[in-house]
Structure formats: C-alpha cells, structure tokens
Amino acid sequence: TTTTTMTTTPPDTDPDTAALESDLREGFFSDPPTVPPRWFYDEKGSLLFDQITRVAEYYPTRAEAEILRARAVDIVGASSTVVELGAGTCEKTRVLLDVLAAGRAAGTQGTPEAPGAEAPGETGQGEAGPGEARFVPVDISTEMLFESARALAQEYPGVRIDPVIGDLTALDGPLPGEPGGRLVLFLGGTVGNFSESQRAGFFSMLRGIMDPGDRLVLGFDLVKSPERLVAAYDDAAGVTTEFDLNMLDVIARTVECAGLDRRDFRHEAVWNAGESRVEMWLRAVRDVRIDFPTLGRVRTLAAGEGIRTEIARKFEPHALVDELAGHGFGGQAVWTDAAGDFGLALVVV
Ligand code: AVJ
C-alpha cells in the first residue's frame, strides 16, 4: 500500500511481506540503498524479463541457447534427473529435455522404468522410480513455474515433471533424484547477480547437497565492451526500464510504505570496471522521502541519489571453474558461443 492509514488486516500475514521487510532492513537504509534482484520477479516482472530476452541488445539468452543446442548431449551425459534453479519459462531447457527423454526412451542409459511407475504425465505426486527421467524446475515465480510445468508434462510424457517453488539460495534438504545421476542447471548468468561472498556461499551450499557423480552446469556472461554490456541492460525500447521500475511497484504493494512513487525515479545501467559488473540503479529525479511505518524507518534520497537494484557480474572464461575447484568441483568443460559473448561451465562433484 502507499498510505499510512490504518489497515484492518495485518500486512505481515504474507510471507513475501516478512521476507521483503527483512531485505529492506538489511539493505535499504545503508549507502547506497539496495534491494535484492529477486524482488523483480513478480508475475509482471517475470513476463518483462521474458520480453528482455527477446530485445536486440540482450544477447545472453540467445548466446546461451546456441551453446545448449551445440552441447546438449555432452551436458546431459548419463544424468537421470535435471534440476534447474531459477527455471523461469523453462524455454532453454527443452533442448536438454529432448536429450533426456530420447536417452530414456531408447533405453541407452540408466535402468529401465520400474514396474508400477507413475503414469506418464503426472506431476508432483508419488515417488520417482529408479532411473526414471525427471525434471525439477525451481523458481520463485509460482504462476510462470506451474504454467510451464503443465506444458512440459504434456510435451514430455516420458519425463516426470516436479516443480518446486522457492528461492534458489534457500535450497537445503537433499536434492531430488538418484545421487550421482543429477544434473543441476543454473543458467542465464544469474550467478552474476551474487556478490563474491554470496557466490561462495551458494557454491558451498550446492556442494553440500550434491553427491559424487552429480554435475553442475553454470551459465555466465563474459567481459566485453562496456558499450554492449550497458546496452544489454538499458535497451532502446525501454523494456529493462520498465522491468527495473516494476520493482518499486512490487515494494509498494508488498510492504506498507508512503512516498514511494515510480515517477520519482529513472532507470540507469552502468559498467563498474573495478568490480567487473553492470549495475542497475533507480536514480531519484527529485528529493524523495519514503516512510515505512511497519519498519519504523524513513529513507530519504536527494535528487541524483540512487537505489542499486542489481549487480550483473561479468567473468573471464575460466574464472568460475577455478573458483568451483576450491569448493570441491572438478572442471569438465568451458564452452562459449561462436561470438565469444557467453560461457557455460560443466563441473562434477
Ligand atoms: C536473469 C539475472 C540473468 O542479470 O542479465 C536482465 C536479469 N536484469 N536485464 C541478468 C536482467 C536486467 C538477468 N538474469
């Protein structure tokens, strides 16, 4: 809400409200104010990101798809379960599911389906049989996740589809699937949204829930000219502007606040060479005062001051494989698209 008038329903009955309040307490009252990128992805934001992947300036999605097409067989290998973190529309994963489904149907991998296994196409119920092909998309956007899961279940009757709603950094329990037969995907370059310490924590968390033989495939964006990098995060059609500003609407809707108005901000993408990252900022175009009564805090921004909404770290080709070696992962391959814009790393436990 954008008013401070009394409300009859307590606003913190929504888990999102509590989570965002905690994120704001953590980062919104420091300098610069920051909001974690996960708050981009309400239903509208997820659709806007999907649109971003089709603007001319945003090359990562197309470059990664090119690598996935070229390397699908190497990537899937003998895996029986594919777990995709931050699956979104699952669009890019289809090329891997084709390989997974074909391998299983031909009986060239794993064990044959157990008698009495789940009826094809059923999702989210019962136990998977040993060696049964399985796809587990994990995402925070419920609507998009279930919609794509339904479509995939129809398209891939031989693959069991088990969607999981959740924040991918909060994965804890054992991973679904046979130990040693899992392929964990973290695509799109989302690993670039983490700070150095978040990334280290994420890799060690993954290592903790993966077993010997399990593989991890990471998509990461490569360092290139600042002009192209900035354009990718500030497209001429303004889709990324709308995506960035949408976060303010998410905040205004999710926590009680007054004085938060998207018309007071403009989107900006900058290349931070020292940190090797693109940063997205919402810069105040006039003095702003935002009151959060449930937090008991007020945030003021002078005209020209910004809120940092995203960091998108860009890597040298072998940097992540080297880093993952320090977490107990063995490097198997680093591939790039033909233009050398984007990278994919395959590592195993
Ligand atoms: C979905 C996190 C990979 O960082 O490139 C796109 C999100 N933000 N345009 C990225 C994003 C602005 C994207 N990831």
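At what angle do helix H2 and helix H8 pack, and how far apart are their axes? I opened the predicted model with that in mind.

**Entry: H2 against H8**

I took H2 as residues 43-52 and H8 as residues 239-254. The two helices pack at an angle of about 165°. Their axes are 9 Å apart. That angle makes H2 roughly antiparallel to H8, because angles over 145 degrees count as such. I also looked up the hand of the crossing of H2 and H8, and it is left-handed.

Next I listed who makes the contact. H2 supplies Lys44, Gly45, Leu48, Phe49, Gln51 and Ile52. H8 supplies Val239, Thr240, Glu242, Phe243, Asn246 and Val250. I sorted the residues of this contact by class: six are nonpolar, four polar and two charged.

**Entry: the ligand shell**

Which residues surround the ligand? I noted Ile52, Pro60, Gly188, Gly189, Thr190, Gly192, Asn193, Tyr233, Thr240, Glu310 and Ala312. By class, the shell has four nonpolar, six polar and one charged residues.

Three strands form an open sheet here, in the order S7-S8-S11. The pairing is antiparallel.

I then went through the pairings. S7 and S8 run antiparallel and are joined by eight bridges. Phe265 has Ala284 in S8 as its bridge partner. S8 (residues 277-284) pairs with S11 in the antiparallel sense over seven bridges. There, Glu279 stands opposite Ile311 in S11.

H8 came up again at this point. It lies across S7, S8 and S11. It runs at about 115° to S7.

**Entry: two hairpins**

How many residues lie between S7 and S8 in their hairpin? I found four. Ser276 sits in that turn. It has a positive phi of about 50° although it is not a glycine. I flagged it, because most residues other than glycine have a negative phi.

The other hairpin is S9 with S10. S9 (residues 288-292) and S10 (residues 297-301) pair in the antiparallel sense over five bridges. Arg289 has Thr300 of S10 as its bridge partner. This hairpin also has four residues between the strands. Here Gly296 takes the positive phi, near 65°.

**Entry: a cis bond**

Last, I looked up the peptide bond between Asp31 and Pro32. Is it cis or trans? It is cis, with omega about 0°. I marked this bond too, because most peptide bonds are trans. Pro32 lies in the loop between helix H1 (15-27) and H2. That brings me back to H2, the helix that packs with H8.

Note on methods:
Residues are numbered from 1 along each chain as its sequence is written. This is a predicted model: local features need pLDDT of at least 70, side-chain atom pairs count only at pLDDT 80 or more; totals for chains, interfaces and linings use all residues. A residue is near a molecule or strand if its C-beta atom, placed from the backbone, lies within 6 Å of it. Ala, Val, Leu, Ile, Met, Phe, Trp, Tyr, Cys and Pro count as nonpolar, Asp, Glu, Lys and Arg as charged, and the others, Gly among them, as polar. Axes are lines fitted to C-alpha atoms, for helices over the stretch in contact, and angles run from 0 to 180 degrees between N-to-C directions. Angles under 35 degrees count as roughly parallel, over 145 as roughly antiparallel, 65 to 115 as roughly perpendicular and the rest as oblique. A crossing is left-handed if the near helix is turned anticlockwise from the far one by less than a right angle, and right-handed if clockwise. Two residues are in contact if their C-beta atoms, placed from the backbone, lie within 7 Å. Two strands pair if DSSP finds at least two bridges between them.
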